[in-house]
Amino acid sequence: MLYIFDMGNVIIDIDFKRVQAVWSNLSGTPLATLTSKFSLGEVFEKHECGQISDIEFAERMCDEMEVALSFEQFKEGWHAIFIDVRQEVIELMNKLRAQGHRVVVLSNTNRLHLAYWPVHYPEIKASTDHFYLSQDLGIRKPNLDIFKHVLAAEGVTVDQVIFFDDLLEHVEAANKLGINAIHVADRSVIPDYFKAHDFSLPSKN
């Protein structure tokens with residue numbers, strides 16, 4: 001089987017409120033003011049698809065929020081999104097691989113974060129066979145093409161795939177292709193799934 005894991009709030013806990021709090025402190029902008037202007041809109045999506053540079057992304061985000069931050073200050077806040085790895089998921093990923101299953105990550109992410117989390121959370125890379133990242137592929141979930149790309153690259157059919165994601169729209173998109181997609185609404189979902197499903201048999205793929 002191919003097991004596909006999203007990253008944020010699936011393998012590692014994230015919180016955009018932490019980002020805003022750091023930016024508020026660094027810029028002297030009231031948190032409520034900054035929060036009201038913070039948006040993960042077109043600029044954010046273009047950055048995740050590699051269509052704009054890190055510096056342009058930072059500048060445009062600061063313009064939208066009307067805050068004055070240096071690039072280094074922007075990065076400091078942007079990296080504050082990460083809380084900690086879900087060790088129970090890492091352990092399950094390692095068990096799956098030990099049993100002969102394929103484990104990959106499919107994540108909407110950006111180059112700034114790609115320079116950060118592999119250094120601070122090396123256990124993610126150590127537990128994963130391959131990373132499919134929006135920044136590299138030029139497309140984001142829930143675009144169906146990103147799921148089709150993974151299926152083709154891995155050489156599997158939809159019946160050989162289990163996909164975990166915290167966003168319902170991504171789960172629904174995968175379901176449209178016939179992929180068994182699990183909505184990770186909280187951190188108990190993945191451990192509970194594997195308690196209910198026997199994955200102890202080696203993969204036949």
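Predicted model: local features only at pLDDT ≥ 70, side-chain atom pairs only at ≥ 80, totals over all residues.
Close-up 1. At the start of H1, the backbone nitrogen of Lys17 has a side-chain oxygen of Asp15 within 2.9 Å, while Gly28, with a positive phi near 75°, follows the helix. Val19, Gln20, Val22, Trp23 and Ser24 of H1 are buried, and the buried residues of this helix pack against helix H2 (31-37), helix H4 (54-65) and helix H5 (71-78).

**Close-up 2. Val103 in strand E4, residues 102-107.** Val103 has a relative accessible area of 0% and is therefore buried. Apart from neighbours within four places in sequence, the residues in contact with Val103 are Tyr3, Phe5, Met93, Leu96, Arg97, Ser127, Thr128, Asp129 and His130. His120 lies 17 residues from Val103 along the chain, and 21 Å separates the C-alpha atoms of the two residues.

**Close-up 3. The largest pocket, with about 460 Å³ of space.** Among the 27 residues that line the largest pocket, Ile14, Phe16, Phe44, Glu48 and Asn108 lie nearest its centre. Strand E2 (12-14), helix H3 (42-48) and helix H12 (168-176) each supply at least two residues of this lining, and the largest share, three residues, comes from H3. By residue type, the lining of the largest pocket comprises 11 nonpolar, eight polar and eight charged residues.

Key:
Residues numbered from 1 in each chain as written. Heavy atoms only, no water. 1 Å grid on protein atoms, 1.4 Å probe; cavity = no way out; pocket = protein on both sides within 12 Å on 5 of 7 lines; lining within 4 Å. Points joined across faces, edges and corners; volume = space filled by probe spheres on them. Helix = DSSP H or I, 4+ residues; strand = E, 2+ residues; numbered from the N terminus. Nonpolar A, V, L, I, M, F, W, Y, C, P; charged D, E, K, R; others polar. Buried < 20%, exposed > 50% of the residue type's maximum accessible area, 1.4 Å probe, protein only. Contact = heavy atoms within 4.5 Å. Polar contact = N/O pair within 3.5 Å; in protein donor to acceptor, adjacent residues only side chain to side chain.
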